[in-house]
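I opened my notebook beside the structure and wrote down what I looked up, entry by entry. Follow along on your own screen if you like.

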Amino acid sequence: MNLRELAGKLPPRGWAVLGGAVFGSVLVLYLIFHFASQPSYTTLVSGVQPSQVGQIESTLSTSGISYQLQNNGTAVAVPSSSASQARVALAGANLLGSAQPGFNLYNQSQLGQSDAQAQVEYQRALEGQLDNTISTIQGVTSAQVQLVLPNPQDELFADSSPQSSAAVLLGGGENLDSGQIQGIARLVSSSVQGLSVNDVTITDDTGALLWPTSAASAAGSGQLSQQQADQSYDEQQASKVDAMLAQTLGPDMAMVTVNADLNANQQTLQSLTYTGKGVPLNQQTTNESLKGSGVNTGGTASTIPTYAASGTTGAQSYTNKTSNTTYGVSKTVTNTTVAPGAINSIKAALFVSNKVPAATVASLKTAVSSALGLVPTRGDALSVAQIAFSNTTATTSTKTSLNPIAYAKYVAIGLGALIFLFFMSRAIRKREKEGLAGEPTWLRELEHRRPVSEFALEPPEDVGPIKQLRSPVNTAKRQVEDLVERDPDRVAMQVRAWMAED
């Protein structure tokens, strides 16, 4: 029986069942392929501090490994096929280490603890607390703090009390600037009693000494050289502007370099100011007068000037009045020490990707000039250049390479779908046959003619002579005729089925 004949024999109910079966098969296949194509994730790390989530995301993105955040951002999951690669990447960045116990060690008190055990437990708690605190600093991937604390019993018999010291190993310390290193050193020294900042040793994971150094000591004492002051100011301003550009254009689209000239000399200025009305402290008055007749008996001319003449006799007089007053006034003497750091000039360069429109570049130039505080009259200048930036942004997900196991999975899914369709079609045909199998047995026996002698039985020996019966009425033929009259469609369908089987 071909498909056309089967389609012609299906009633509306059969078509409805077949359509539902096809729809269900398509739905099952879609769900199977959908869930089979979804990668299965496995939890890589859990209990992650919020400060380390960004570092883990950056490390996985750089390695091209997709990830998911779970448990409200405290756990990171990766595809099962990339779990080993992700573990190696995080281990290389020192991000797989669990958090050290801090002062939570004291949540469970222990009875019968000796003084030495209490001292060791306090040192462990303080080291773990400092580890966790330093690890939260931006740029630090891991931190290990080792403390040397003096024993209280040794202080009783020693002439001078021993000093505390600390050693800090930083992961990612090469990415920190001098200000951050100094802040970590002061953080450790301030957390330990009797620990000087000069007794703190900080190294990075390569073994390079970060603290103390000559430059760091100068920064801690506030005495920076000209080069160090310029470099510190340049880094601070450049990082501030780069952050603004990243928020405006996105990462790896623009960058700025700053070259500032600072006045690193310390100056002292003095000023004197008089205020208020003077008060007379000392006053001196002089009054001189002289009178003469104007006759010189010595035969010489008179040297006294004539200020006033009276009558005709030539009398003369001289008068001089002088007044001198000393006033006391309020005065202010100001001595001002000008700290180093005054800006002499700033030269900056702005590099923008060539994908940024020209109108945006013009607005960026204005924004960067305002952010750096450029003053053209002081000699400040900003140069802008558009260049092609390399695409260094790593994708957060990679395509999983197909392997024989993956091919076998898809082959198994296809075979399962074919087996499902085979049994479904077989069940439909069986159901149709059951609907046509309700005919009586005698109708199926009409297939071949059988003589009456085949139904004759040998008479037993004790049976008498058989009487001749009258010819029976052909009731089978009559039943067939009645069936054809009552249900001709059913008989025709059965005859077609017989013909198809032949």
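**Entry 1: contacts and overall make-up.** I started with contacts between residues at least 6 apart in sequence: 71% of them join residues at least 24 apart. I am working with a predicted model here, so I keep to that wording throughout. I then looked up the secondary structure and found 14 helices and 12 strands. Of the 502 residues in the protein, 23% are buried. The exposed surface comes to about 34800 Å², and carbon and sulfur atoms supply 55% of that area.

**Entry 2: the largest nonpolar core.** Which residues touch the most other members of the largest nonpolar core? I found Ile-134, Leu-147, Val-168, Leu-170, Val-188, Val-200 and Ile-202, out of 23 residues in this core. At least two core residues come from each of α5 (115–135), β4 (142–148), β5 (165–171), α7 (178–191), β6 (200–204) and β7. Helix α7 gives the largest share, four residues. I noted a general point beside this: in soluble globular proteins, nonpolar side chains tend to be buried together.

Leaving out residues up to four places away in sequence, Val-168 touches Ile-134, Gln-144, Val-145, Val-188, Val-200, Thr-201, Ile-202 and Thr-203. I also found a second, separate core of 21 residues, with Ala-348, Leu-350, Val-361 and Leu-374 among them.

**Entry 3: helix α10.** I checked the length of α10 (residues 358–372) against expectation. At 1.5 Å a residue, its 15 residues should span 21 Å, and the end C-alpha atoms are 21 Å apart, which agrees.

Next question: which residues of α10 are buried? They are Val-361, Leu-364, Val-368 and Leu-372. These four cover an arc of only 55 degrees around the axis, so they sit on the same side of α10. I recalled the general rule that an α-helix has 3.6 residues a turn, so residues three or four places apart point the same way. On the other side of α10 I found Ala-359, Thr-366 and Ser-370 exposed.

What do the buried residues of α10 pack against? My list reads α9, β8, β11 (342–353) and β12 (381–387). Just after α10 comes Gly-373, with a positive phi of about 70 degrees.

Entry 4: Asp-252 is not a glycine, yet has a positive phi of about 60 degrees. Asp-252 lies in the loop between α9 (226–249) and β8 (254–263). With a relative accessible area of 38%, Asp-252 is partly exposed.

I also noted a cis peptide bond between Trp-211 and Pro-212, with omega about 0 degrees. Pro-212 belongs to the loop between β7 (209–211) and α8 (214–221).

**Entry 5: aromatic rings.** How many aromatic pairs does the structure hold? I found one. The ring centres of Phe-422 and Phe-423 are 5.4 Å apart and their planes stand at 75 degrees, so I logged the pair as edge-to-face.

Terms used. Residues numbered from 1 in each chain as written. Predicted model: local features only at pLDDT ≥ 70, side-chain atom pairs only at ≥ 80, totals over all residues. Heavy atoms only, no water. Phe/Tyr/Trp six-rings, centres within 6.5 Å; stacked < 30°, edge-to-face > 60°. Buried < 20%, exposed > 50% of the residue type's maximum accessible area, 1.4 Å probe, protein only. Contact = heavy atoms within 4.5 Å. Areas by Shrake-Rupley, 256 points an atom, 1.4 Å probe, with all protein chains shown as cover. Core = buried A, V, L, I, M, F, W, Y, C linked by side-chain atoms within 4.5 Å. Expected span 1.5 Å × (residues − 1). Arc of directions from axis to C-beta.
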